[in-house]
Amino acid sequence: MLQLSIDRELNSFCNLRKGVKKNLNLSCTEVRWHPELQSTIASAATNGTIIIWDLKNTGISRKASDFKCKRAPYSLAWSYIDPNVLLSGSQQSRVQLWDMRTKKAVSVFKHNRSSSVHKVTFHPSISHNRFIAGLENGSIVFWDCRNTSKPEYTWKNAHHGIVTSLTWHPTLKN
């Protein structure tokens, strides 16, 4: 990890690979800081692993926990409301909702359109129950976490190509 000083100098302050197996594939597809815990980040790797890192840990490895997806996760999103909830969108055409307390995927959201999920994001203010997912085929899918069987709404072909970025309006509720 790098740190930019006030003098605009770039310094290395944390080596996350220290103590990690050399053959572990850590090519990252996404990194997300935790919204509340300033020393916690989540990273997604091309080998399907999501790792939660504790930067305060001074031991050999800073890995706090890890989760395994069947295929590469492309996107991660922490809940703004519940600090124990993390979303992952993957090449496997689904979104998984992870609970940090149980260290398991507690919900899986699979859209009937077989397309990789390239971006996920929770709604910042309504509740931790709503999120959107951007798909490889250009569609945007709106989900309520309380209903894993079908999305609330699908905007088919909202974009000509892969949806690589999504954001909610910071103050409007819809």
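**A walk through the model**

Serine 107 counts as buried, because its relative accessibility is 16% and buried means under 20% relative accessible area, with exposed over 50% and partly exposed in between, for a 1.4 Å probe and protein chains only. This is a predicted model, in which local features need pLDDT of at least 70 and side-chain atom pairs count only at pLDDT 80 or more, while totals for chains, interfaces and linings use all residues. Residues are numbered from 1 along each chain as its sequence is written, and side-chain values use heavy atoms, with hydrogens and water left out.

Serine 107 is found in strand 10, where strands (E, at least two residues) are DSSP runs numbered from the N terminus. In space, serine 107 lies 7.8 Å from cysteine 145, C-alpha to C-alpha, although the two are 38 residues apart in sequence.

Strand 9 (residues 94-99) runs antiparallel to strand 10 and is joined to strand 10 by six bridges, and within strand 10 phenylalanine 109 is the bridge partner of valine 95.

Five bridges link strand 11 and strand 12 in the antiparallel sense, and lysine 119 stands opposite glycine 134 in strand 12.

The aromatic side chains come next. Six aromatic pairs are present in the structure; rings of Phe, Tyr and Trp (its six-membered ring) pair if their centres lie within 6.5 Å, and planes under 30 degrees apart count as stacked, over 60 as edge-to-face and the rest as tilted. Phenylalanine 122 and phenylalanine 131 make an edge-to-face pair, 6.3 Å centre to centre with 70° between the planes. The rings of phenylalanine 131 and tryptophan 143 also have their centres 6.3 Å apart, but their planes are at 15°, so this pair is stacked. Since phenylalanine 131 lies in strand 12 (residues 130-135) and tryptophan 143 in strand 13 (residues 140-144), the pair ties together parts that are twelve residues apart in sequence. Phenylalanine 131 is buried, with a relative accessible area of 1%, and tryptophan 143 is buried at 2%. Phe109, Phe122, Phe131 and Trp143 form one aromatic cluster.

What, finally, lines the largest pocket? Its lining divides into eleven nonpolar, three polar and two charged residues, where Ala, Val, Leu, Ile, Met, Phe, Trp, Tyr, Cys and Pro count as nonpolar, Asp, Glu, Lys and Arg as charged, and the others, Gly among them, as polar. Strand 3 (28-33), strand 7 and strand 11 (117-122) each supply at least two residues of this lining, and strand 11 gives the most, with four residues.

Methods
Two strands pair if DSSP finds at least two bridges between them.
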